[in-house]
Structure formats: structure tokens, C-alpha cells
Amino acid sequence: LLKSGNFAEGMQNLEKIARIGNPEAQYTLGSLYMQGKVIKKNHELARTWFQMAADNGHTASQGNLGIIFLKGMGVSKNPEMAFQYALSAARKGYSKSQFQVAKSYFQGLGVQKNIKEAEAWYIKAANSGQNVFQDLAELYMSETFPGGVQITKASEMLSRGLKLGNLDCAPKLALLMLEQQKKKFP
């Protein structure tokens, strides 16, 4: 009904289905309110519907709650709660949340900073299809990485990201290559 243009009836039916506990309908309503493309953006209603769906075990809704609490969309920012929601979804294989968990560990946002955990979650996100290779390169270039800066690993990650279409990796890869050349031929 929504696609055919009978919006009012479609929304009524969707909301009825959501209210009887269907997590997909709850997630859809949350998404509609969060995006604000079809109906007016309303972060409070988005959070409410995502919370209902998350309580029914809906993984993407847990991930969206992680974003809502991280960014403070209709709620006070709460990095700890954002991390818990993201971690719950990430453990179920939700790649966007795996990325959020990795960044949280890398930055110490809502959780104690842990570079090795960040690396593990970045790799899981990459293996789930997220193009996080620029972030992995940044991690490998970090002075706090166990064993020190890993230029070879950073270069490999930027190359992989570039092959997958992340053009932002190109200038960083070029700079790394120039730095390596300078060290070889001062």
C-alpha cells in the first residue's frame, strides 16, 4: 500500500502490525521516522519503534539504537549505552555495528580503549562486507598499536580499500609509499 501510493492506509496497517509485536514492522516504522523521507523525521518515535523491535530480538534495530545513543538523536548522548546496543548487534553479525564497536574500542568511546579488540572488530566488519580498510590502516599507523606502527599492514589495508572503491584510500596510500621511498633513498 505504501508503494502503490495509498500512504495513509499503508501506514495504518503497518502500525497495526507493529503494535501487535511484529519486529519487522516495528523496525520499518523506526526506519521511516529516522530517515524522514516518507514521513516527518521524528527521532523519539524512531527510538520507540526500534526499542520495541530490539526487545523482540531484531538485530538491525539494536544497531540503530546504538547509533541513536551515540549521536544523541532524540535522546541524550550515551556512549556506554550506544556501545552496549552496538555490541549486542555486532555479536549477531550485524556489520555496521561491528564497525561501530571497532571504532568505540579504538577511540575508547563508551568502553575502555583496547587496540587489539578494535583490530578484531574491524576485521570482523571487513569480513562482513564493510569497507573499513582506511580505519584499519589508521589503527596500524597508531603509535599505541601493540608492537608499534605497522606500515606494511597499513599499506595492505589501504590497497584493499582502494580495490573495493574507497577512493579516500588513494592519497593516504600514496603518502605511505612516498614515506617508505624516502626511508630507502634519503
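Me: Which residues of α8 are buried?

Reply: Happy to start there, with the reminder that this is a predicted model. In α8, the buried residues are F133, Q134, D135, L136, A137, L139 and Y140.

Me: What makes helix α8 count as mostly covered?

Reply: A residue is called buried when its relative accessible area is under 20%. In α8, which spans residues 133-140, seven of the eight residues are buried, and the helix is mostly covered. The cover over those buried residues includes α6, α7 (115-127), α9 (151-163) and α10.

Me: How do you know how far to trust the prediction, and where is confidence lowest and highest?

Reply: The pLDDT score runs from 0 to 100, and the protein averages 92, with 98% of the residues scoring at least 70. Helix α10 (residues 169-184) has the lowest confidence, at a mean of 85, while helix α5 (residues 79-91) has the highest, at 98.

Me: Let's turn to helix pairs. Why are α2 and α3 called roughly antiparallel?

Reply: Helix α2 (residues 23-35) packs against helix α3 (residues 43-55) at an angle of about 160 degrees, and their axes are 8 Å apart. Angles over 145 degrees count as roughly antiparallel, and therefore α2 and α3 get that name. Their crossing is left-handed.

Me: Which residues make that contact between α2 and α3?

Reply: On the α2 side they are P23, Q26, Y27, L29, G30, S31, Y33 and M34, and on the α3 side H43, L45, A46, W49, F50, M52 and A53. By class, this contact of α2 with α3 holds eleven nonpolar and four polar residues, with no charged ones.

Me: What meets what between α5 and α6?

Reply: From α5 come A82, F83, A86, L87, A89 and A90, which meet S97, Q98, Q100, V101, S104 and Y105 of α6. The contact of α5 with α6 has eight nonpolar residues, four polar and no charged.

Me: What makes S104 buried or exposed?

Reply: S104 lies in helix α6 (residues 95-107). Its relative accessibility is 3%, under the 20% cut-off, so S104 counts as buried. Leaving aside neighbours within four places in sequence, S104 is in contact with F83, L109 and V111.

Me: How do you know whether G30 is buried or exposed?

Reply: G30, found in helix α2, has a relative accessible area of 0%, so G30 is buried. Apart from neighbours within four places in sequence, G30 is in contact with A46, W49 and F50. As for F133, G30 is 103 residues from F133 in sequence and 30 Å away in space, C-alpha to C-alpha.

Me: Last one: is S61 buried or exposed, and what is S61 in contact with?

Reply: S61 sits in helix α4 (residues 59-71). With a relative accessible area of 0%, S61 is buried. Setting aside neighbours within four places in sequence, S61 is in contact with Y27, F50, A53 and A54.

Notes. Residues numbered from 1 in each chain as written. Predicted model: local features only at pLDDT ≥ 70, side-chain atom pairs only at ≥ 80, totals over all residues. Heavy atoms only, no water. Helix = DSSP H or I, 4+ residues; strand = E, 2+ residues; numbered from the N terminus. Axes fitted to C-alpha atoms, helices over the stretch in contact; angles between N-to-C directions. Parallel < 35°, antiparallel > 145°, perpendicular 65-115°, else oblique. Left-handed = near helix turned anticlockwise from the far one by under 90°. Contact = heavy atoms within 4.5 Å. Nonpolar A, V, L, I, M, F, W, Y, C, P; charged D, E, K, R; others polar. Buried < 20%, exposed > 50% of the residue type's maximum accessible area, 1.4 Å probe, protein only.
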